[in-house]
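Please look over the sequence and the structure shown here before reading the briefing that follows. The points are grouped by topic.

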Amino acid sequence: MTPRPVGARAARARRRRARAAFAFGLVAVLAAAGWLWLRPGDSPVRERCSASLDGSDWYLSPAQAENAALVAGASVRRGLPARAATIALATALQESKLINVDYGDRDSLGLFQQRPSQGWGAPEQVMDPLYATDRFYDALVKVPGYQDLEVTVAAQAVQRSGFPEAYAQHETRARAWASGLTGHSPAVVSCELGPVRAPRSVDAVAASLRERALRDLGLSAEAVTVQAAGDGAATLTVQASGLATGDAARAGWAAGQWAVATASVTDVVEVRVAGLRWTRADGVRAGQGDGAAWTPVDGAALPDGVVEARVAVAR
């Protein structure tokens, strides 16, 4: 074999170094953007949440899952059927991709792209996810027989969209999330999340969880109590049996899976409901096809309607 010139070998080496530098830079950019985790241990390649239905996983980003928890939680708070949550989630997925955007067609804003000029409220009101969700349900429950209507028909009766058939494409995803977040389907909601980056004090974390439980589910501050704290974690108990589900077991699963869906903003690292538990590590491994996200706990199961959540706290 004829030796290649030294200049050619040097050029190839420079190209290899350039490719390696580009790859390293790309990884750094992705890591900074939160798309790629480089920490050792149980960390996801990409943070995401899922709800399972009939053997299929339906994914949302953590921000979308947080909003889904509010939308479905409002249906639980109001004592509405899971079908209402399915319709609302399908609508928000189509209108805003379940992101509380501050722009839209003409003066449309927020999760449901409600137009202040059409009487939905002031701009700052429709940009409040809680207000926007309640206004949607206020209109939905006035639609005769909405529970028995196709999602496209029920959503269109509220939204008056120029593309009414578009809601149908989101129905299965919406149904998976609605079923889990209203407690009808136990142990189907999971999130693949990295470690808590900046743990807060016990008081701050407990206050955050109480505030969201009140906003999303209507649970009183007294329903969330700190049971123990130490070694970088605290255990909070959520008394969910007061939710308007008519079933304490279902209420527990509604609150428990809500706690998973909002874990990215509440610093929750473990949730226990009945005789099962979800952890961030198990969620990551399940997302990689290695085991289940919800696994049996040692010892006695929690009473129906009671949820335990472990949260990361500052040491």
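This is a predicted model: local features need pLDDT of at least 70, side-chain atom pairs count only at pLDDT 80 or more; totals for chains, interfaces and linings use all residues.

**The disulfide and its surroundings**

C49 and C191 are joined by a disulfide, with an S to S distance of 2.0 Å. C49 belongs to strand 1 whereas C191 belongs to strand 3, so the pair ties together parts that lie 142 residues apart in sequence.

**Disulfide**

- A search through the whole structure finds one disulfide.
- The link of C49 and C191 is right-handed, with 105 degrees about the S-S bond.
- C49 and C191 are both buried, where buried stands for under 20% relative accessible area.

- Three strands make up an open sheet in which the order is 2-1-3 and the pairing is antiparallel.
- Strand 2 (56–60) and strand 3 (189–192) stand at the edges and have a single partner strand each, so one side of each of these strands is left without a neighbour in the sheet.
- On average, and with direction ignored, neighbouring strands of this sheet are turned by 30 degrees against each other.

**Pairing of strand 1 with strand 3**

- Strand 1, which covers residues 48–53, pairs with strand 3 in the antiparallel sense over four bridges.
- S50 has S190, in strand 3, as its bridge partner.

**Helix against the sheet**

- Helix 2, made up of residues 62–77, lies across strand 1 and strand 2, and runs at about 100 degrees to strand 2.

Definitions and conventions:
Residues are numbered from 1 along each chain as its sequence is written. Side-chain values use heavy atoms; hydrogens and water are left out. Two strands pair if DSSP finds at least two bridges between them. Helices (H or I, at least four residues) and strands (E, at least two) are DSSP runs, numbered from the N terminus. Axes are lines fitted to C-alpha atoms, for helices over the stretch in contact, and angles run from 0 to 180 degrees between N-to-C directions. Contact means heavy atoms within 4.5 Å. A disulfide is a pair of cysteine sulfur atoms within 2.5 Å. Buried means under 20% relative accessible area, exposed over 50%, partly exposed in between (1.4 Å probe, protein chains only).
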